[in-house]
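Let's walk through this structure together, one neighbourhood at a time. Have your viewer ready, and we can start with a word about terms.

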Amino acid sequence: MAIRPIIRLGDPMLRAVAAPVADPTDPALAHLLADMAETMQAANGVGLAAPQVASGLRAIVWRPIAVRGEASDQIIALLNPELVPLDDTRELGVEGCLSIPELRGLVPRFARVGLTGLDRAGNRVEREALGFEARILQHEVDHLDGVVYLDRMTDMASLGYGPELDAARDGGTL
Ligand code: NI
């Protein structure tokens with residue numbers, strides 16, 4: 001395994017539509033997924049999409065979120081993921097992106113989604129995700145379509161740098 005460079009906003013690969021994985025058992029794909037997991041962990045991320053490491057394939061990795069909202073150590077990989085909202089409820093929540101370092105912003109996302117795709121062995125996966133995990137998945141699947149969270153923001157005034165936003169939220173120093 002190896003840590004791969006994470007490309008940043010401005011690289012055309014982040015705006016390209018990724019291609020479906022044709023052969024889930026391709027050894028190069030297993031290598032890619034292992035590298036994505038290692039790269040995400042090294043960058044302290046909770047999710048990563050293949051285009052962020054300059055691969056044009058529809059693959060994502062993420063950490064499922066434990067009950068108390070903390071990221072678990074487990075990492076899931078999914079190929080050709082597809083999402084459907086399970087109801088109309090949307091929630092505003094803070095997001096950042098490893099390809100857009102330091103910035104954070106409020107993004108509306110569906111609170112409950114159904115997820116389908118293929119696991120590393122090529123088996124069909126079906127599951128539901130809620131809350132922050134649903135948010136991560138919507139963010140990562142967007143990357144496969146060349147969409148970044150900035151495109152989804154409805155209030156650009158909420159965009160800012162992490163420490164500044166934290167200071168403002170906590171009252172900060174005037
Ligand atoms: Ni991202």
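A salt bridge here is a side-chain nitrogen of Lys or Arg within 4 Å of a carboxyl oxygen of Asp or Glu. You are looking at a predicted model, in which local features need pLDDT of at least 70 and side-chain atom pairs count only at pLDDT 80 or more, while totals for chains, interfaces and linings use all residues. Residues are numbered from 1 along each chain as its sequence is written, and side-chain values use heavy atoms, with hydrogens and water left out.

With that settled, let's begin with a pair of charges. Arg-135 forms a salt bridge with Glu-95, and the closest N and O atoms are 2.8 Å apart. This pair links distant parts of the chain, since Arg-135 sits in helix 2 and Glu-95 in strand 4, 40 residues apart. Helices (H or I, at least four residues) and strands (E, at least two) are DSSP runs, numbered from the N terminus. Are the two partners buried or exposed? Arg-135 counts as buried at 6% relative accessibility, and Glu-95 is buried too, with a relative accessible area of 4%. For these labels, buried means under 20% relative accessible area, exposed over 50%, and partly exposed in between, using a 1.4 Å probe and protein chains only.

The structure holds 10 salt bridges. Another of them joins Arg-112 to Asp-87, with the closest N and O atoms 3.4 Å apart. Arg-112 lies in strand 6 (residues 112-118) and Asp-87 in the loop between strand 3 (76-85) and strand 4, so the pair ties together parts that are 25 residues apart in sequence. Both ends are partly exposed: Arg-112 has a relative accessible area of 29%, and Asp-87 is at 28%. Arg-112 also meets the side chain of Glu-128 in a salt bridge (3.5 Å, N to O). Here the link runs from Glu-128 in strand 7 (residues 124-130) to Arg-112 in strand 6, 16 residues apart. Glu-128 is partly exposed, with a relative accessible area of 48%. Elsewhere, salt bridges that share partners join Glu-95, Arg-109, Arg-135, Asp-142 and Arg-152 into one network.

Next, turn to the strands. Strand 4 (residues 90-97) and strand 5 (residues 100-110) run antiparallel and are joined by seven bridges; two strands pair if DSSP finds at least two bridges between them. They form a hairpin with two residues between them. Across this pairing, Glu-91 stands opposite Arg-109 in strand 5. Which other strand does strand 5 meet through two bridges? That partner is strand 8 (residues 160-161), again running antiparallel, and Leu-103 stands opposite Tyr-161 there.

Now for the metal. The protein donors of the nickel ion are Cys-97 (SG), His-139 (NE2) and His-143 (NE2), lying 2.1 to 2.2 Å from it. Donors are N, O and S atoms within 2.8 Å of the metal (3.2 Å for Na, K and Ca), and water is not among the atoms, so sites may look incomplete. Along the chain, the donors follow the spacing C-x41-H-x3-H. Because His-139 and His-143 are four residues apart in helix 2 (residues 131-144), about one helical turn separates them. His-139 and His-143 are both buried.

Finally, look at the open spaces. On a 1 Å grid over the protein atoms alone, a pocket is an open set of points where a 1.4 Å probe fits, with protein on both sides within 12 Å along at least five of seven lines, and lining residues have an atom within 4 Å of a point. Grid points are joined across faces, edges and corners, and a volume is the space filled by probe spheres set on the points. About 420 Å³ of space lies in the largest pocket. Of its 20 lining residues, the closest to the centre are Val-46, Glu-95, Gly-96, Cys-97 and Leu-98.

Among the 18 residues that line it, the closest to its centre are Leu-83, Phe-110, Gln-138, Asp-142 and Arg-152. The largest share of that lining, five residues, comes from strand 3.
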